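Here is a short briefing on an interface and a cavity. Read it alongside the sequence and the model.

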Amino acid sequence: MDSHKSIQNLSIPELDVDAVRKDFPILQTTIHDKPLIYLDNAASSQKPEFVIKTINNYYSYEHSNVHRGIHHLSQQATQQYEQAREKVANFIGANHSHEIIWTRGTTEAINLVAYSWGQNNLKQGDVIIISTCEHHSNIVPWQLICELTGATLRHLPLDSHDKSFNLNKLAEMLTPNTRMIALTHMSNVLGTITDLSKVVELARHNGSLVLADGAQSVPHIPVNVAELGIDFLAFSGHKMLGPTGIGCLYGREELLEDMPPYQGGGDMIETVTMSQSTWNQLPYKFEAGTPNIAGAIGLGAAVDYLEHLGMESVRAHSHKLNSYAISALSEIDQISIYGPRNPSVRGGVFSFNHADIHPHDLGQVLDSKGVAIRAGHHCAQPLMAELGVGSTARASFYIYNTQSEIDELCAAIKSAGEFFSK
Amino acid sequence: MLDELYKEIILDHYKSPRNRGKASKVDFHAHGVNPLCGDDIELTLTVDRDIIEEVKFDGHGCSISQASASILTETLVGLTLDQAHTKIEHVKSLFKGNDIVTEDLGDIEALQGVRKFPVRIKCATLAWNALQLSLQNSATGQSTAYSDE
């Protein structure tokens, strides 16, 4: 099936990439006297002027601490901060804005669930299932809570052929003791997109919950938690045009209500005496201390920007670049691409290796040509072991990347090949 | 710019590594890993009456880490263990730019290009750090691999 065509047939407006590029000040700069070709978006995206200005304006003219302030500035800051929460809730299809907990990022969001939900719900004999292709942030928190509670951590192996999730295998692994299935929604190494609806269907039969690591998916494809039926979603602001240091945990209301606080302090309490305290309502129960106000407002602006483009258009652009990148990279004999070839089941994250060049050397040569890629294990050492490599090179695309930049990437790879064979 | 890092001598050591393999008699064994980039180096040494007679290396990694290990094997043969300690310290500080060259260092000089590429310094120092740890461990009877994290 020509899925590219079928997506275009839905008459989704195409991104005006030239206009988008003008919105990003950093794309007007040069690196080593060459125009910047930024292909490290899976690590962190660049920021549009709209987001930068919103944060700048907040700090210049609107800053104050949120909540409980009597004065004008505090009320205004609180309003903007809570509006940002509503924007994010709408963006991912949450039923209530209080189902959005601000965190520092995906990592903290997963840790919050692992500790808070885990300490109340896990005991010896219980099982948590993750997969071999998780980011360390969706592995280590579960290892820690399993150690504390005596629960067992099991991992879903990948299909040996295309390294996708084998959902039949997942069905076999599930038992009444399975309490949580925590999977990446889009692999940060392979780009593979997980069929979360199917995972949820399987989980429901066993009474297990489902947490999705949305760090790579939320910025790139439309994500609707209600439609997917997932229980928790963790994601980061800085990979979706927002600032660093802000991210979200979405949790279903009744689950969050039952979970104990994750950290104690100001803002998360209702009353405090010297002997005990009672907790504030959702979402504040999980937000101790002065929050990252500018971060939340900046992320709200990033959501505005993405919604202005339209997430279907964002996905269609990614699909177009993926198809192009797969064929362009495949034309270089020495390059092996990891992950699925079908652009419909993957996001714009390409891990690859050059037969003759170590990823770090490749990254170094590309950098000298203004092309920013990442080289390393991408915080996914178990997956590297599964792939049988120590590290890979990784190019990842976003809304401002173009086919001609992929051409430049390929030309730079070829020239690196020549450099190391001279 | 790239030529400062990838000098011809470095690329030559990378493509035609010296002393690859395992020492005929293993008196010292060192293992260094850099989990971030997956570099992995094993060094084996034959030492006779305090003099290093043979150094071999094995493993995989980027050109800088492999070339540096190759250069290490050539540098340390013939030295006493004490001299090797001193040499390793000196070379490490050269890579970091903390020291200046006061003697003819042979191929090691070519590795000084890493100074301008801070993230690559650990590639150049991996083999040297691993061997230093192994020599220190053998003095205290411990056995741990060097891990650059």
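What volume does the largest cavity have? The largest cavity has a volume of about 30 Å³. This is a predicted model: local features need pLDDT of at least 70, side-chain atom pairs count only at pLDDT 80 or more, and totals for chains, interfaces and linings use all residues. Residues are numbered from 1 along each chain as its sequence is written, chains are lettered from A in the order in which they are written, and side-chain values use heavy atoms, without hydrogens and water.

**Cavity**
- The rule counts one cavity of 30 Å³ or more.
- Its lining is A:His220, A:Val314, A:His317, A:Ser318, A:Phe397, A:Tyr398 and A:Ile399.
- Four lining residues are nonpolar, three are polar and none is charged.

**Interface of chains A and B**
- Chain A puts 17 residues in contact with 20 residues of chain B (heavy atoms within 4.5 Å).
- The buried area is about 1,500 Å², with 59% from carbon and sulfur atoms (accessible area lost, 1.4 Å probe, summed over both parts).

- The rule finds one salt bridge across the interface (a Lys or Arg side-chain nitrogen within 4 Å of an Asp or Glu carboxyl oxygen).
- A:Asp361 forms a salt bridge with B:Arg120, the closest N and O atoms being 2.8 Å apart.
- α13 (359-368) and α15 (403-421) of chain A each supply at least two residues of the side that touches chain B (helices are DSSP runs of H or I, at least four residues).
- α13(A) gives the most to that side, with five residues.
- By class, that side of chain A has three nonpolar, 11 polar and three charged residues.

Terms used
Buried area is the accessible area (1.4 Å probe) that two parts lose on being put together, summed over both. Ala, Val, Leu, Ile, Met, Phe, Trp, Tyr, Cys and Pro count as nonpolar, Asp, Glu, Lys and Arg as charged, and the others, Gly among them, as polar. On a 1 Å grid over the protein atoms alone, a cavity is a set of points where a 1.4 Å probe fits but cannot get out, and a pocket is an open set with protein on both sides within 12 Å along at least five of seven lines; lining residues have an atom within 4 Å of a point. Grid points are joined across faces, edges and corners, and a volume is the space filled by probe spheres set on the points.
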